[in-house]
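User: I'm new to this one and would like to learn how to read it. Could you walk me through it feature by feature?

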Amino acid sequence: MRLLNRPLGRLSRYRRGPLAGLLVVLLGLLLTGGLYAAFSPASASEDNSAAQIKQGHQLFLVGCSFCHGNNGQGVKTLDGNQLGPALVGVGAAAVDFQVGTGRMPAVKPGPQVPQKEQAYTPDEIAALAAYVASLGPGPAIPTASDYSIDHMTDEQRQEAIVRGGAIFRTNCSACHNFEGSGGAMPNGGFAPKIRGVEPKYIFEAMLTGPQAMDNFSNGNLSVEEKQDIIAYLQSLQDNPDYGGFGLGGIGPVSEGVFAWLLGIGSLVGVATWIAAHTARSSKQKAES
Amino acid sequence: MSLDTSKIADTNSGTAATAKKPGKAGAVAGWADDRLGLATLMRKNLRKVFPDHWSFMLGEIALWSFVILLLTGTFLTLWFTPSMSESVYEGSYSQLRGVPMSDAYASTLHISFDVRGGLLMRQMHHWSANLFIAAMFVHMMRTFLTGAFRKPRELNWVIGATLLLLGILEGFAGYSLPDDLLSGTGLRIADGLIKATPVVGSYMSFFLFGGEFPGDVLIPRLYILHVLLIPGLLLALIGAHMLLLVFHKHTQWPGPGRTEQNVVGYPMLPVYAAKAGGFFFMVFGVTALMGALLSINPVWKYGPYDPSQVTAGSQPDWYMGIAEGLLRIMPNWETHIWGHTISWNVMIPGQIAPFLLFGMVIGWPFLEQWVTGDRREHHLLQRPRNAPTRTAFMAAMVTEYGLLWAAGGNDILATHFHWSLNSITYFMRTAIFVVPPIVFYVTRRWCIGLQRADNNRVLHGYETGIIMRSPDGGYSERHLPIGEASAYTLTARQRDEIHEVDSDVDENGVVAPGTRAERIRAKLSKGMFADNVQKPTAEELEEARHHAEHTHELESGLDHPASGHEFDDHALRDADDVPLRQH
Ligand code: HEM
């Protein structure tokens, strides 16, 4: 204790010196930064060559900076709304998702940016992603080994589907509906239908939490759990509709519509037919 | 209308006109008849006459749906396990194999996937439940709009309303039985509604659920309600409903030969029974087709109930839709007093408003009776246009219902039409107060306009579509008188009488008791009937006839479209002439 205390004690003499605070903050920053870089899933730099980042920046200046700022710092409108949010730290995965699904570049402001045709080639997307990743560390683009479920045996897959169903109902169905048919969000937003979305984008959506969606980082839902969800969504796609025509998979509202329009509609038609039928024949009888 | 009744029975006397020597079956029947007196009863009822109109068969849809519910429901009971104890699913639906779930849910999966025909039966049961209640609604609307609830049928009106309420309750209980995610969510809302009762809410909820929600006793309890208690009540009330129907005899549309004292139609046997029987098979067929082709309540997709889960698109069956809509658009009002919360936000939409709306519709006939003071029996129906205020009231209520329905599906509207959830909510909050009065006003004026058109037809004949040009160049449309039968039908209604307060003081000059009520009555009477168009008087009719005869001296009495030759010399020409128009 003493041995340890002495140097510390000496140090503590300078504790209240003018530069000490600054030093501590710097040290702390360095430490956390280093730790983050060491442990964060995305080590931004390394394989992204400087050239790619540069190409990405060029593309960004042309296609994205209008809303996201020349350095991805975000742009505010005069009345304080966000034209485009800051992209520092959203990571390559977010860019790959947003541009890959055709959401970005957005065309006009609105409650939610709709999906369109992809506007960039895969190479360009990679460049944009590299550039945005260089702005600050964030989730990297997942690789096939992350999101692919092809390696599973039939049995593993079966288990994954069962687990995935439970995870899905707990975490996703509230917004995306029990069958992944989508649902409404406040103020004109919506959670889209997610049956039939590519596994990579499902993975990235969870990783980056676009718009109103929560962020399901790998610490929150592990890579395996994400694969379970992907397997489950895939199985919804593969399953036959056991009960017949599924009426859109949106629950009892469409059932009610069918009960009234088809059920009551046709039965009233039948009733009219039965009642009219004899009336007509009797009329003819009466006349003849 | 001339049906040869001689084939059905040719005697009214006490002895039936049967074969002289009864065979074996006849002997048994005779034995039974001696003890039960059925023959006399049956003879009378088999020759009961039923009038014919499509709208008289709406109640039958409900009746036959109920029969289908009994049949399919009994099938389901053979495999359904009403228990909330938990086990791990090992059945053949692989997506849920290994998931812990209640026995109720597991047995529903079992019925769906492992029982032969089970899924078909489940789907038929559910579709017919939806049809059952929908049919009751349209049947009730027809009774309402035609004034069939008037004396002596008030009691049957009340029985019908009770049937409707019980049907909805039965449906909700059934919806909750499979213990899937949606039924659990529905029960959670029911729990909330109960808990919103001031002071005793929590106690009632604990009592019902046997502890904190969801507990483990509810499904067995609901099961008894669903398969025993409510069906028993429904059966008894349907029996009473039908008995009263036979006792009162069916109402009929006015027309030549149809009076308040008779019923014109077909006898129970063979015509009506054949029709009704045929209709049963039609209803069964439609239900079976829907059950076979259209998925309903795919519980395996919802997953077992887990209070920590919820899904977008959580909705009740349609008949609970208005309660859902009310809840969804209700502002978040709460009052806190002495550490208690009064949840207006749940109480008003859940406990007060639905019953208020329902009560208004059920109560209307009694209000009307009080206002008119009409104590006569009515066996002839009214056309909806001849009761403009009543018809308009129903139209407004239907509108209100529709709006609340839409509010209950606001998320589906939002995603399918790209509207904002918030805007829908704000719109609905205003619309449910503004739109029904507008609909009321428009419908009322519309009915009155139709009444006027009817009078015109009676007085001035119908529009032939024949345009005549007079020598001086003016154009006019020709009218032709309608037939006697149509004229009779159009005028076979009673005049509305407007109630007036005789005098608000009694002979001593003191304000008479009950004057206030009388004044309200007079006001309502004026509001309900003063604007109605009354049928033409005999003098008006005479005068119009005279006038018409004078103008075109035609007494053709056509009810079919005019051939176009009424006003030209076609009849004078050769038959070989090319006719102007085919008729
Ligand atoms: C008295 C005859 C009835 C019996 C014995 C019966 C029995 C049952 C049983 C055992 C279930 C649960 C089985 C399952 O869905 O897997 C059930 C469900 C249900 N019942 Fe009934 N029921 C009867 C009448 C009714 C009536 C009159 C209604 C409607 C007004 C109704 C509406 C429902 C509904 C909506 C369900 C849920 C079905 C599903 O989840 O697919 N039932 N019934």
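User: How much space lies in the largest cavity?

Analyst: About 80 Å³. Keep in mind that this is a predicted model. A cavity here is a spot where a 1.4 Å probe fits but cannot get out. The structure holds three of them at 30 Å³ or more.

User: Which residues are closest to the centre of that largest cavity?

Analyst: Look for Gly246(A), Gly249(A), Gly251(A), Glu255(A) and Pro298(B), out of 13 lining residues. Helix 12 (252–287) of chain A and helix 11 (299–302) of chain B are the elements that give two or more residues to this lining. By class, the lining splits into five nonpolar, five polar and three charged residues.

User: And how much space is in the second largest cavity?

Analyst: That one has about 50 Å³. From chain A its lining takes Ile161(A), Val162(A), Gly165(A), Arg169(A), Tyr232(A) and Leu236(A), while chain B brings Tyr93(B), Gln95(B), Leu96(B), Trp300(B) and Lys301(B).

User: Which element gives the largest share of that lining?

Analyst: Helix 8 of chain A, with four residues. Helix 11 (223–238) of chain A and helix 11 of chain B also supply at least two residues each. Sorted by class, you get seven nonpolar, two polar and two charged residues.

User: How is chain B divided into domains?

Analyst: Into domain 1 (65–363) and domain 2, which is made of two stretches, 383–496 and 532–557. To read a pair of domains, check the spacing of their centres and then their contacts. In chain B the centres of the two domains are 36 Å apart, taken over C-alpha atoms. Across the boundary, 30 residues of domain 1 of chain B are in contact with 27 residues of domain 2 of chain B.

User: What should I look for in the backbone?

Analyst: Most peptide bonds are trans, and most residues other than glycine have a negative phi, so exceptions are worth a look. Chain B has a cis bond between Lys151(B) and Pro152(B), with omega about 5°. Pro152(B) sits in the loop between helix 5 and helix 6 of chain B. Another cis bond joins Phe213(B) and Pro214(B), with omega about -5°. You'll find Pro214(B) in the loop between helix 8 (201–209) and helix 9 of chain B.

User: Which residue has a positive phi, and where is it?

Analyst: Gln211(A), a residue other than glycine, has a phi near 45°. Gln211(A) is in the loop between helix 10 (199–208) and helix 11 of chain A.

Key. Residues numbered from 1 in each chain as written. Chains lettered and ligands numbered in written order. Predicted model: local features only at pLDDT ≥ 70, side-chain atom pairs only at ≥ 80, totals over all residues. Heavy atoms only, no water. 1 Å grid on protein atoms, 1.4 Å probe; cavity = no way out; pocket = protein on both sides within 12 Å on 5 of 7 lines; lining within 4 Å. Points joined across faces, edges and corners; volume = space filled by probe spheres on them. Nonpolar A, V, L, I, M, F, W, Y, C, P; charged D, E, K, R; others polar. Domains from an automatic or database assignment. Contact = heavy atoms within 4.5 Å.
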